[in-house]
Amino acid sequence: MRDDDDLLARVTAIAERVAGGCGLEIFSIGLRRESIGRVLRVVLDRPGAGEGSAEPVSVGDCERVSRDLSAILDVEVTFADPYTLEVSSPGLDRPLRHLGDCRRFIGRLAKIVTTGAVDGQHAWTGRIADVEGEDVIIDAADRARRIPWSLVSRARLEVEF
């Protein structure tokens, strides 16, 4: 397992360098054994995405990072097994991983699932109104709800058309 951690750390450093050169950042990265073999999954984000002025990550961005990253990995990293490289964006229904993500997407529709009940419920869908301290405030159905981030098990943006 330690070898996988070292490999992932090396790959992450290279991926961050490649993404940064394209004006992007790494949202997440993982190396897993799946039915098709090893999969190196790189998810890109654009700094400031969701704040109105920043463009979302495009297919072209993913293609460019995939091509450049693949070329560098072929030269600088030796994988014990063949692998498949997948490069993508977090998507329209992107996960909200921390309060900073919630702050970044104030005004957007989100679904939040909690481990403990908040006002008698474990799931809320509403617009992110604010972040105060360690709580996210969402405008849900009839009124604003204060949800302690410590109770959140899953949170993601909802797709709006």
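Visitor: How do you know how many disulfides there are here?

Guide: A disulfide is a pair of cysteine sulfur atoms within 2.5 Å, and by that rule the count comes to zero. Take Cys22: the nearest cysteine sulfur, that of Cys62, is 10 Å away, so Cys22 is in no disulfide. Keep in mind that this is a predicted model, where local features need pLDDT of at least 70, side-chain atom pairs count only at pLDDT 80 or more, and totals for chains, interfaces and linings use all residues. Residues are numbered from 1 along each chain as its sequence is written, and side-chain values use heavy atoms, leaving out hydrogens and water.

Visitor: Why is Cys22 called buried?

Guide: Buried means under 20% relative accessible area, exposed over 50%, and partly exposed in between (1.4 Å probe, protein chains only). Cys22 has 16%, so Cys22 counts as buried.

Visitor: How much of the protein chain is buried?

Guide: Buried residues are 37% of the 161 residues.

Visitor: What counts as a helix or a strand, and how many are there?

Guide: Both are DSSP runs, numbered from the N terminus: helices are H or I with at least four residues, strands E with at least two. The protein chain has three helices and eight strands, in the order α-β-β-α-β-α-β-β-β-β-β.

Visitor: What share of contacts joins residues at least 24 apart?

Guide: With contact meaning heavy atoms within 4.5 Å, it's 53% of those between residues at least 6 apart in sequence.
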